[in-house]
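Colleague: I have the model open. Please walk me through how to read it.

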Amino acid sequence: MKSNIWYISKYANIKKYGADTRHASFCEEFAKAGHKVRLITSNSSHLYNNLPKFKNRYYDVKSNNFNVTWVNTLKYSKATSIKRICSWLWFDFFVLMMAFKKKYEKPDVVIASSLSLFTVLTGCFYKRFYKAKFIFEVRDIWPQTLIDLKGFSSNHPLIWLLNKIERLGYKYSDAIVGTMPGLKLHVENEVGLGSKVYCIPQGVNLAFYYNSQQKLSEEYVEQFIPKNKFIVTYTGTFGEANALEYIIEAAKKLKHTSKIHFLLVGEGYLKEELKDNASELTNITFAPKVVKEQVQHLLSFSDLLVASVRDEKIYKYGMSLNKFIDYMYAKKPIVCMYSGYPSMINEAKCGEFTPAENSNNFASVIKKYQLMTPLDRQQIGELGYKFLISERSFGVLSKRYMELFNEASL
């Protein structure tokens, strides 16, 4: 049976304004299968600088055979500001108001994707008053992430409110979709409804990798890519959660291994502090971020790709880093400092996890990969690529998602 699907996420985007996010990629697949699809998102985000500007409350466009409704909401610049919370409320209020707009055909299925958690209330509204099936998509476990990674007290009024909304979403939704493999355990602990949880992880948009790649400038390559070195590359944000000081500690431990060179690519509020920490090292280069279309060319110069996160309780439910998609598509081995619920790298056998915040172990494993033959590293990296194509394309994942639209148990 074909359905009218509303996929709601304040931080969704389409390629025209920055990138096709997970939401847009699924919407495209749902539309290919014959469903009528509307992606509802906001033109206020700290993640993108090129979102549409318009004076009306709603702005409707077409993208890859599905509809996109942009909601004009309160603008903010800092991810931790009170304006961001107000922008969440603003967004979901006007998504609720779409129920009273005749031009928007009411949904059969509502997917409410965090963040914002207030979108859970929107999903509950459309389930209650329009008999829509309500799927709660959890991409970050809030408010637990704020407690574990940002140091909020569990008694903070905002945490209390978000926890109540989270539990409401778990109880009232028809199905819960998580990008992290251990979400079922968290939901079971919270409300005893782990059987409602389905893991549909981050996917790979193959069309993007086939059609939208760009090369780095010759100036960038000349200035920032080391020559005749074993290049260990990190790409992404320079923030607290990324635990990059432990990668720098590993670089310090390997500074006498002349062949190994660390390349840290990206931006973030901790970048200058991290550069100061590594100021005496000659085996590390900090490079400016590149656009997503250039990431594959950047990674092609690398021999080993790395990531790290902190040793926090939240990760016992797993994680789903977008960078793993880029890393695995690049056909390079991957090493990640991480002590939580393992997935992707261990499933594909394309690298390994080392204990979080343990630079000694991390440095030893990097040395191990440096001593391998290029052919051995190539074979390990190709396992990640094959895993992506067979298990993580949006074409494959969307079939699992669409099964939830019509399941009798919902």
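Colleague: Which strand does Arg38 lie in?

Modeller: Arg38 lies in strand E2, residues 36–42. Helices (H or I, at least four residues) and strands (E, at least two) are DSSP runs, numbered from the N terminus. This is a predicted model: local features need pLDDT of at least 70, side-chain atom pairs count only at pLDDT 80 or more, and totals for chains, interfaces and linings use all residues. Residues are numbered from 1 along each chain as its sequence is written, and side-chain values use heavy atoms, leaving out hydrogens and water.

Colleague: Is Arg38 buried or exposed?

Modeller: Buried means under 20% relative accessible area, exposed over 50%, partly exposed in between (1.4 Å probe, protein chains only). Arg38 is buried, at 11%.

Colleague: Which residues does Arg38 touch?

Modeller: Contact means heavy atoms within 4.5 Å. Not counting residues up to four places away in sequence, Arg38 touches several residues, including Trp6, Asp60 and Tyr104. Thr69 is also among them.

Colleague: Now the sheet. What is the strand order?

Modeller: Strands of a sheet pair through backbone hydrogen bonds, either parallel or antiparallel. Two strands count as paired if DSSP finds at least two bridges between them. Here six strands form an open, parallel sheet: E11-E10-E9-E12-E13-E14.

Colleague: How many bridges join E9 and E10?

Modeller: Eight, in the parallel sense. Val232 has Phe262 in E10 as its bridge partner.
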